Amino acid sequence: MKRILIAILILALIGGAIAYRMWNKPHENIAETKSVATVTSSDLFKSYSADEKSANEKYMAKVITVSGKVAESKVEEGKTVVTLQTEDPIGTVVCSLDPYSKQEKTSFAVGDQVSFKGICNGFLSDVIVDRCVLVK
Amino acid sequence: MKSLKFSILGLTLAFFTVQANAQKFFSRTGKVKFETDSKMEKIEAKSNTASVVIDLGTGDMEVAMLVKSFNFDKALMQEHFNENYIESTKFPKSSFKGKIINIKDVNLAKDGPVEVQYEGQLTLHGVTKPLEDKATLYVGGGKINAYAKFKIPLEDYEITIPALVKDNIGKKAHIEVKAELEEYKKAQ
C-alpha cells in the first residue's frame, strides 16, 4: 500500500514538473533556428506585391534571413524597428528586433547594408518580419 | 455686408484648399496591445509593427496589423492564442478602417492634445463589426501621436473560449493602440 502511494506521489511530481515546464516553455530561439530562405529585401517585397498568397505559402510564419539597406531605424518604448529599402519607391521590409533575444546592436545608420534573421509574418503595405536578430 | 459675405466665402475656400492639400500621416511602427481580464494569469500580447494612416484632409484612417506579430511573454500562450482562439493562419490580418468625424479640430500649427471621435469597421478573426469610440491625437512638432483604447466582446468576433478555461478568461478584450505618425513622404 505504502509503495503504491509513493509511486503515485512520484508520478504526480513528474506530471507536475512536465506541466510546469510546458507552461514556462521558452520562445523559439531565433539565433539557433535555421532559416528556410535567404532573400534580399527587394525580392521579398516583389514576391509579396506580385502574389501575396503564394508568398505567404513560401514565407509566412517561417524563419527567414532578409538583407538590404537601412531606410530607417527607430527606437520606440525600448523596442527597435528597422525598415529596409526595396526597389519599390514606397514599399519596405519592416524588421522588428526580437524582445526575447540578446541584441548587440539596437541602432542602425540609414544606408547601412544589414542582414536580419526573423519570422516573416506577412504583408500589409510593407512586408513584416518580427523577432529579428542581426546576422553577421 | 456683401463684402463680408464674400470675404467669408473667400476664407472658407482658402480653408478647404489648405485642407485638401493637407498631407497624409502614417506610421509603420504602430503599437497594439491586446489584453483580457483573467483570474488566473494576465493575458497580454503586444505588437509594434502595425501600420497606421490618417488623412488630415478627409479624416479617413486605417490601422492594419498581422495577428501573428502579437508577442506574449509565455510562448505556450502565444501558441494557443494563434492556433485555438484567433486562428491566425486562416485570418492573418486584423484592421480598422474608418473616419475621424471631427478631423477639422486637428490643427498642425497648434501643439497639444485633441480629442477625436472615430467610427468605422473593425475586422478580427475574419469577422467585421462596426466600432466607434474616442481617441486622442497629440499634435507636436509637426508629428501626431495617436492614442486609442477600446473594448470588444470576444463573442462578437466569434472567438470561442474552451469551456474548461471559460471562467478564467474575460469575455472582453481591451485593445490599446499607440502610434507616432509622421508626414507621408513618397521618396525615401
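**Cavities and the interface**

The second largest cavity has a volume of about 40 Å³, where a cavity is a set of points on a 1 Å grid over the protein atoms alone at which a 1.4 Å probe fits but cannot get out, and where the volume is the space filled by probe spheres set on points that are joined across faces, edges and corners. This is a predicted model, in which local features need pLDDT of at least 70 and side-chain atom pairs count only at pLDDT 80 or more, while totals for chains, interfaces and linings use all residues. Residues are numbered from 1 along each chain as its sequence is written, chains are lettered from A and ligands numbered from 1 in the order in which they are written, and side-chain values use heavy atoms, with hydrogens and water left out.

The lining of this second largest cavity, meaning residues with an atom within 4 Å of a point, consists of A:Lys74, A:Val75, A:Glu76, A:Lys79, A:Val81, B:Thr29, B:Lys31 and B:Asn48. Two or more of these residues come from each of β2 and β3 of chain A and β1 of chain B, strands being DSSP runs of E of at least two residues and helices runs of H or I of at least four, numbered from the N terminus. The greatest contribution is that of β2(A), with three residues. By class, the lining divides into two nonpolar, two polar and four charged residues; Ala, Val, Leu, Ile, Met, Phe, Trp, Tyr, Cys and Pro count as nonpolar, Asp, Glu, Lys and Arg as charged, and the others, Gly among them, as polar.

Of its 29 lining residues, B:Val63, B:Phe96, B:Phe150, B:Ile175 and B:Val177 are the closest to its centre. The largest share of this lining, five residues, is supplied by β8(B), and the lining as a whole has 26 nonpolar, two polar and one charged residues.

Turning to the interface, 33 residues of chain A are in contact (heavy atoms within 4.5 Å) with 31 residues of chain B. The area buried between the two chains, that is, the accessible area (1.4 Å probe) lost on putting them together and summed over both, is about 2800 Å², of which carbon and sulfur atoms give 54%. Six salt bridges are found across the interface of chain A and chain B, each being a side-chain nitrogen of Lys or Arg within 4 Å of a carboxyl oxygen of Asp or Glu. A:Asp126 forms a salt bridge with B:Arg28, with the closest N and O atoms 3.0 Å apart. By class, the side of chain A that touches chain B has 15 nonpolar, eight polar and ten charged residues.

Over all chains, the count comes to 17 salt bridges. Within chain A, the side chains of A:Lys46 and A:Glu87 meet in a salt bridge at 3.4 Å, N to O. This pair links distant parts of the chain, 41 residues apart, with A:Lys46 in helix α2 (residues 41-50) and A:Glu87 in the loop between β3 and β4.

Definitions and conventions
On a 1 Å grid over the protein atoms alone, a cavity is a set of points where a 1.4 Å probe fits but cannot get out, and a pocket is an open set with protein on both sides within 12 Å along at least five of seven lines; lining residues have an atom within 4 Å of a point.
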